[in-house]
Amino acid sequence: MSEKDRVIIFDTTLRDGEQSPGCSMHLEEKLRMAEILDQMGVDVIEAGFPIASQGDFEAVQGVAKCVKNAAVAGLCRAKASDIEASAEALKPAERKRIHTFISTSPLHMKHKLQMPPEEVLNAAVESITTARKFTDDVEWSAEDATRTEDDFLCQCVEAAIKAGARTINLPDTVGYSIPEEYAAMFTMVLNRVPNIDKAILSVHCHNDMGLAAANSLAGITAGARQAECTINGIGERAGNAAMEEIVMAMRTRQDMLPYKTGIDTTMITMASRTLSSITGFNVQPNKAIVGANAFAHESGIHQDGMLKNEKTYEIMTPASVGLRKSDLVLGKHSGRHAFKKKLAEMGYELGDNAFQDAFKRFKDLADKKKTVFDEDIIALLGDDGALNERLKFISLSVKAGSDGQSAILELEVDGAIKKTEAAGNGPVDAIFNAIRDLFPHPDTDLPLYQVHAVTGGTDAQAEVTVKLEEKGRTAMGQSADVDTMVASARAYIYALNKLLRKREKSISEPGP
Ligand code: KIV
Ligand code: ZN
């Protein structure tokens, strides 16, 4: 396979992905994700929109400092101030890319920009010229390209390349296109723009109609050689094209999609889980490639086929995406060896010091929790404050039944023992009211409360997941116990402790 079949992977998890509600990330969280993306072979990491806020500026700067292999991109509108902010934030990067965009569709130009087409064209050219003063690697995006008139799109693309853009991105900003149509736009641009051989064409698809990956692949088949995407498909509205879907489709269907990427696909599961743990955004169980059921076979016929030959129902191996079956359950008796094995199964390789540090945190956590879940381990790896728990569970008794529900709860709050009794609409509500009574946190919402039975039978362990949200920050807590009420209280307290640490960190970070 020649270099002309190499598809550049441009990951925008930290920019377009982060723009989705509830997915905002702090500096350390972005750095953690950036390191994973870099290690897995992403070619370009779009780290943020530096002019948007001081936090975004610092995140782009931080990623620019820590990334070793990938180019780091900062997004800018067609404004000198945006481009200067990006250039400044990207200074520490070994390889920097300035990504500038402006809308080109009649709808956006008239209503959003309130600019006539000639002005838009001039602004695009001017922004690229300015960006080229800082780096040779300039990308230009025609926002809402799929609803742009062909003649104007070609005119803009030609002028953008002439002004020095090396990558031309044609986004399906509103997820409106269908595969044949999206491919036809690339074919049209390739046929009509005279200097198109001087640039790389890029796909950028949103998933409003569930077609983002299909559209991206159609664009690549038509000649695009860069794919913009996000881990788990997070992004504005219904999200962006999922990197794992694009990459695994190309890997699995080489007969139809004979392209290569630099992605180490065995890191996909780890990247997906780490992102979920950071954002509190779990992927749906039936999500392609990274969903909990993506490699699960439930029906008898399928199981029978799988036992005879795995290829009957499996088109990709779990190992190819880094999914290893594990029955290693960790608890307070687990030692270094088991912890190391578990980390390796989950795709994490830590240096000696980082391992010792993580092991200490694991032991402390295992002392407090009967079962340490994979999600706990992922959270613990990225949470150096995991031992500073302001709230500790002591005891709980619950009254349930048709005569009303209440909870008597005892907690240690900042070192002091406190006890209260609270009523609620059901026993779980009563417990959560008791927690709020002992430690008021009125600005916090509870967007998720979920119970799973870990095993069968009425004595099954209940696994409870709680997600808390406060001013764009989210935190997940999980706990398991044979008593669902105790698991609920512990999961809530665990999530609340995490949220409090995030709150403290953001107060100590300088504001915009
Ligand atoms: O969807 C879009 O058009 C974008 C651009 C800013 C590239 O995200
Ligand atoms: Zn987008």
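Reader: How do the residues lining the largest cavity divide into nonpolar, polar and charged?

Author: Happy to start there, with a predicted model in which local features need pLDDT of at least 70, side-chain atom pairs count only at pLDDT 80 or more, and totals for chains, interfaces and linings use all residues. Residues are numbered from 1 along each chain as its sequence is written, chains are lettered from A and ligands numbered from 1 in written order, and side-chain values use heavy atoms without hydrogens or water. Counting Gly as polar and Tyr and Met as nonpolar, the lining comes to three nonpolar, three polar and three charged residues.

Reader: Which residues line the largest cavity?

Author: A lining residue has an atom within 4 Å of a cavity point, on a 1 Å grid where a 1.4 Å probe fits but cannot get out. By that test, the lining consists of Ser277, Glu375, Asp376, Ala379, Met476, Gly477, Gln478, Tyr494 and Lys498.

Reader: How much space lies in the largest cavity?

Author: The structure holds three cavities of 30 Å³ or more. Taking volume as the space filled by probe spheres set on the points, the largest cavity has about 80 Å³.

Reader: Between which domains does the largest cavity lie?

Author: The chain is divided into domain 1 (3-279), domain 2 (295-325), domain 3 (328-382) and domain 4 (391-508), with bounds from an automatic or database assignment. Two of them, both giving residues to the lining, therefore have the cavity between them: domain 3 and domain 4.

Reader: What distance separates the centres of domain 2 and domain 4?

Author: Here the centres are taken over C-alpha atoms. For domain 2 and domain 4, the separation is 37 Å.

Definitions and conventions
1 Å grid on protein atoms, 1.4 Å probe; cavity = no way out; pocket = protein on both sides within 12 Å on 5 of 7 lines; lining within 4 Å.
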